[in-house]
Amino acid sequence: MNKRSRFIIILVVLAVCFAFLWPSISWYARTPKDQQSLALGSLEKIKDYTIVKAKEEVDNLVSIAKANPDAVLDSSYDYLVKAAKKNYKDTAKAYKAAGMEVPETPAVMSVSAILNSFTGSNARADLSAVIEGKYRDEILAAKKRYNSSVKLGLDLSGGMNIIVRANLDEALAAKKAEGNEISDETQWKKDAMAQTIETLTSSIDKFGLTSPVIRQQGEDRIYIEIPGAADRESVNTIIMGKGILNFRLVDEDATNAFNAYYNQNPATTFNSDGKLIDSSIIPADTEVMGYYIKDDYGLDERTGFIVVKKEIALDGEHVKSAIVSADQTTNQPEVNFVLDSEGAVIFGEFTAANVGKRLAIVSDNKVKSAATIRQAINGGQVSLSGGFSVEEAQNIQKVLQTASLNVPLEVESQQVVGASLGEQAIKQGLNALLWGLAAVLIFMILYYTGAGFNAVVAQILNMYIMFSVLSAFNLTLTLSSVAGMILTVGMSVDANVIIFERIKEELKNGKSRAAAIAAGFDNAFWAIMDSNITTFIAAAFLSKLGTGSIQGFAVSLAIGVCSSVFTALVVSRLMFDFNTEVMNRKTMSIGWGVK
């Protein structure tokens with residue numbers, strides 16, 4: 001391979017690595033801390049924040065316009081100026097199409113001119129939507145950067161690590177005791193684990209975390225990582241607690257009164273924790289919950305609020321099974337579920353006493369459905385209908401099926417890492433990495449003199465490529481990963497040592513600089529490849545068979561092996577050839593007394 005080809009390959013690799021690394025750079029170095037905090041919150045919290053901020057901004061603009069109508073806003077409001085110009089342009093088109101005199105567009109976009117561009121009965125709502133969109137786009141863009149960046153593990157960022165055991169045999173035995181026939185027990189256990197994991201993911205997400213790590217380990221264990229600060233008791237309650245799904249009666253009068261109040265006071269109804277600031281606006285025996293539907297991305301989207309009774313009419317543990325079918329008359333999707341004997345009696349008595357009222361299905365303190373009770377429902381065979389779409393019916397079915405599993409969970413281990421400990425670990429890990437790298441590079445320069453600078457450049461590019469690959473695959477950086485990098489620093493310089501020693505031997509045999517370099521790299525090639533291939537195989541097996549810290553160590557080691565081979569054989573070779581053929585150097589500084 002000639003110099004030009006190697007140079008182009010290096011440039012391409014560096015460019016691709018920079019593209020991989022850019023999200024991590026943007027997140028950790030260019031995203032403000034307050035925006036990071038918002039981006040790490042749940043989509044629901046982001047939505048609440050943007051709505052409140054939009055209302056505050058509208059109120060602020062109105063106040064500025066009243067005090068000084070001709071005030072010109074600073075550059076942070078350029079997005080509003082752009083929206084206002086578009087509004088004036090659309091208005092001019094409408095007037096022209098109607099044959100009316102086109103109003104003049106203001107030459108200067110003052111605050112009053114911006115506000116006047118939003119016309120009609122929904123002017124304030126339209127202005128608020130533009131501002132809300134600006135905040136939403138900024139925070140979601142930051143969230144996207146985080147999702148594409150290198151994540152810090154619990155030992156670096158702090159948080160909670162939990163291993164939960166699901167007692168599938170007990171759950172299966174309970175199902176059979178209820179008279180259910182299960183033809184494929186293996187498949188039933190797989191479905192039970194999948195739906196249990198989905199339930200835990202939905203429940204734990206209420207802490208406002210971004211994609212908590214929840215995955216299955218083996219046949220019956222669930223591994224959970226919750227980054228950041230999370231209350232141990234609250235998490236245990238979610239994992240071990242029952243009654244996540246239940247049925248409650250809707251208080252229509254209280255719902256209408258609350259929604260009227262909320263529409264007038266959206267910014268002062270709830271505190272930052274989502275609790276009512278003034279609890280007297282609803283009856284003491286009720287509570288407010290959000291009404292949610294699934295959006296196009298499969299996320300819960302709140303469409304309003306419903307006030308429900310605190311008293312639980314029926315607990316979800318009484319649900320035995322649920323299916324989606326079509327109404328024989330209207331062909332509309334409906335959800336049919338079966339209750340156990342105790343649940344059938346409770347539900348029959350309750351529905352008989354509340355015909356004509358709405359019954360809410362509550363899952364994890366979210367209202368997923370609120371159907372009207374048409375008649376008393378006896379026998380435990382329940383049908384939910386109400387103009388559901390197929391997707392909505394399937395979502396309700398999934399909620400009911402999850403409740404019917406009732407898989408007993410047991411916390412086997414739990415570890416909490418404080419944020420301060422995480423910061424200390426980051427500092428110690430970086431110090432170890434930097435000092436180790438510095439010690440190796442200083443030794444290479446002192447021992448191999450001029451050629452040692454080639455090793456320095458190769459090692460720096462090696463670390464650059466390693467971090468880029470970690471970012472590209474959204475891998476998690478842990479202390480064990482840092483240990484793998486530190487080991488890679490020591491191992492990767494070995495390739496340079498082999499090459500330099502071979503070149504020194506060729507020089508001592510009387511060969512010219514160019515011939516010694518060519519022979520040195522050729523003779524060192526297979527020695528380098530053999531040692532690194534065996535290391536890579538060991539790292540690959542560790543990454544597949546190991547878990548936790550062992551896996552993190554193996555992954556970073558495997559990445560380091562590949563990048564070190566590239567920098568030693570391609571980057572270092574190009575630097576030697578450049579000095580030989582372009583700089584026309586005849587001698588070589590590759591050790592004391594060697595020319």
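The structure holds 17 salt bridges. A salt bridge here is a side-chain nitrogen of Lys or Arg within 4 Å of a carboxyl oxygen of Asp or Glu. This is a predicted model, in which local features need pLDDT of at least 70 and side-chain atom pairs count only at pLDDT 80 or more, while totals for chains, interfaces and linings use all residues. Residues are numbered from 1 along each chain as its sequence is written, and side-chain values use heavy atoms, with hydrogens and water left out.

| Pair | N to O distance |
|---|---|
| K86 and D90 | 3.1 Å |
| K134 and E138 | 3.4 Å |
| R165 and D220 | 3.7 Å |

Let's start with the pairs inside helices. Helices (H or I, at least four residues) and strands (E, at least two) are DSSP runs, numbered from the N terminus. K86 and D90 are four residues apart in helix α4 (residues 78-97), so about one helical turn separates them. Likewise, K134 and E138 sit four residues apart in helix α6 (residues 123-147), again with about one helical turn between them.

How open are these side chains to the outside? For relative accessible area, buried means under 20%, exposed over 50%, and partly exposed in between (1.4 Å probe, protein chains only).

The side chains of R165 and D220 meet in a salt bridge. R165 lies in strand β2 (residues 159-166) and D220 in the loop between β3 (213-217) and β4 (221-227), so this pair ties together parts that are 55 residues apart in sequence. R165 is partly exposed, with 23% relative accessibility, but D220 is buried, with 18%. Both belong to a network of salt bridges that links R165, D220, R221 and E412.

Finally, take a look at T535, which is found in helix α16 (residues 513-545). Is T535 buried or exposed? T535 is buried, because its relative accessible area is 17%. Which residues does T535 touch, not counting residues up to four places away in sequence? They are M491, L557 and V561, where contact means heavy atoms within 4.5 Å. T535 and M491 are 44 residues apart in sequence, and their C-alpha atoms are 9.8 Å apart in space.
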